[in-house]
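This briefing covers selected local features of one protein model. Please keep the sequence and the structure in view while reading.

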Amino acid sequence: MNRQILVVEDEAPIREMISFVLEQNGFNAIEAETIEQAQAKIKEPYPDLILLDWMLPGGTGVKLAKALKQNEYTRAIPIIMLTARADEDDKVKGFDAGIDDYVTKPFSPKELIARIKAVIRRVAPTSLEETIEFHGIKLDPVSHRVFINDKSLDLGPTEFRLLHFFLTHTERVYSREQLLDNVWGTNVYVEDRTVDVHIRRLRKAIAGEGHENFIQTVRGSGYRFSGKTQPSG
Ligand code: CA
């Protein structure tokens, strides 16, 4: 699965150059020319990183960055700002907005890719391609296989995505609505109780040596995936 990078840049030659470099380096580039276009493209599946130009028609990239960092669904998306040398003094403002790094124009393709990789390494130590291990559960996102204590499991696609989400978001409670947004996507209409159905299936699939207890029902709130045992009752 190639990483998706959203390129928000109003100058077509720069935008196209960046997209070309990204594709050459194994990323998928999505392009946006304006803040509005960018906002329309920031949806499930969310981009893995955003390259955001400082000066855009109708506003600054910082404004968009601020909005993204204040939204619970988008705050984790790393943002690298593209700035002109003249904008140097404004960088402080960018860091206040939660921006992850800067690249100053003009930049070389090599520098850009190095910055992108560094940011991804920093913010996503458990990257999409890496096998995730948690208390005997092993999930390999590349081959789409799941093992419990080295025994292969047969999971449906939704249960697989649900388990992947849980394994990368352990020890936190998620409401049914949040699980729907993160696992099914915000544009899909599914009822809340669909979540319960798939949770039940996933619990059954991972049951055997107590792993089913990792999926904990938090009354009135939702579900938590935890390696810590929950007091019974
Ligand atoms: Ca610009």
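In which strand is the place of Gln216? Gln216 lies in strand 13, which covers residues 215-218. The model is predicted, and the points below are grouped by topic.

**Gln216**

- Gln216 has a relative accessible area of 3% and is therefore counted as buried, the cut-off being under 20%.
- A polar contact of 2.6 Å links the side chain of Gln216 to the side chain of Arg224.

**Calcium site**

- Three residues coordinate the calcium ion: Asp10 and Asp53 through OD, and Met55 through O.

- Strand 9 (residues 137-140) and strand 10 run antiparallel and are joined by 4 bridges.
- Asp140 has Arg145 of strand 10 as its bridge partner.
- The hairpin formed by strand 9 and strand 10 has 4 residues between the strands. His144, in that turn, has a positive phi of about 60°.
- Strand 10 also pairs with strand 11 (residues 151-153), in the antiparallel sense and over 3 bridges.
- In this pairing, Val146 stands opposite Leu153 of strand 11.
- Strand 10 and strand 11 likewise form a hairpin, with 2 residues between them. Asn149, in the turn, has a positive phi of about 45°.

**Faces of strand 10**

- Strand 10 spans residues 145-148, with Val146 and Ile148 on its covered face.
- Arg145 and Phe147 make up the uncovered face of strand 10.
- In a regular strand, side chains alternate between the two faces of the sheet.

**Helix 6**

- Helix 6 comprises 12 residues, 157-168.
- From its first C-alpha to its last, helix 6 reaches 17 Å, close to the 16 Å expected at 1.5 Å a residue.
- Helix 6 is mostly covered, with 9 of its 12 residues buried.
- The buried residues of helix 6 include Phe160, Leu162, Leu163, Phe165, Phe166 and Leu167.
- Thr158, Glu159 and His164 are also among the buried residues of helix 6.

Notes. Residues are numbered from 1 along each chain as its sequence is written. This is a predicted model: local features need pLDDT of at least 70, side-chain atom pairs count only at pLDDT 80 or more; totals for chains, interfaces and linings use all residues. Side-chain values use heavy atoms; hydrogens and water are left out. Buried means under 20% relative accessible area, exposed over 50%, partly exposed in between (1.4 Å probe, protein chains only). A polar contact is a pair of N or O atoms within 3.5 Å; within protein, one must be able to donate a hydrogen and the other to accept it, and residues adjacent in sequence count only if both atoms are side-chain atoms. Donors are N, O and S atoms within 2.8 Å of the metal (3.2 Å for Na, K and Ca); water is not among the atoms, so sites may look incomplete. Two strands pair if DSSP finds at least two bridges between them. The expected span of a helix is 1.5 Å times one less than its number of residues.
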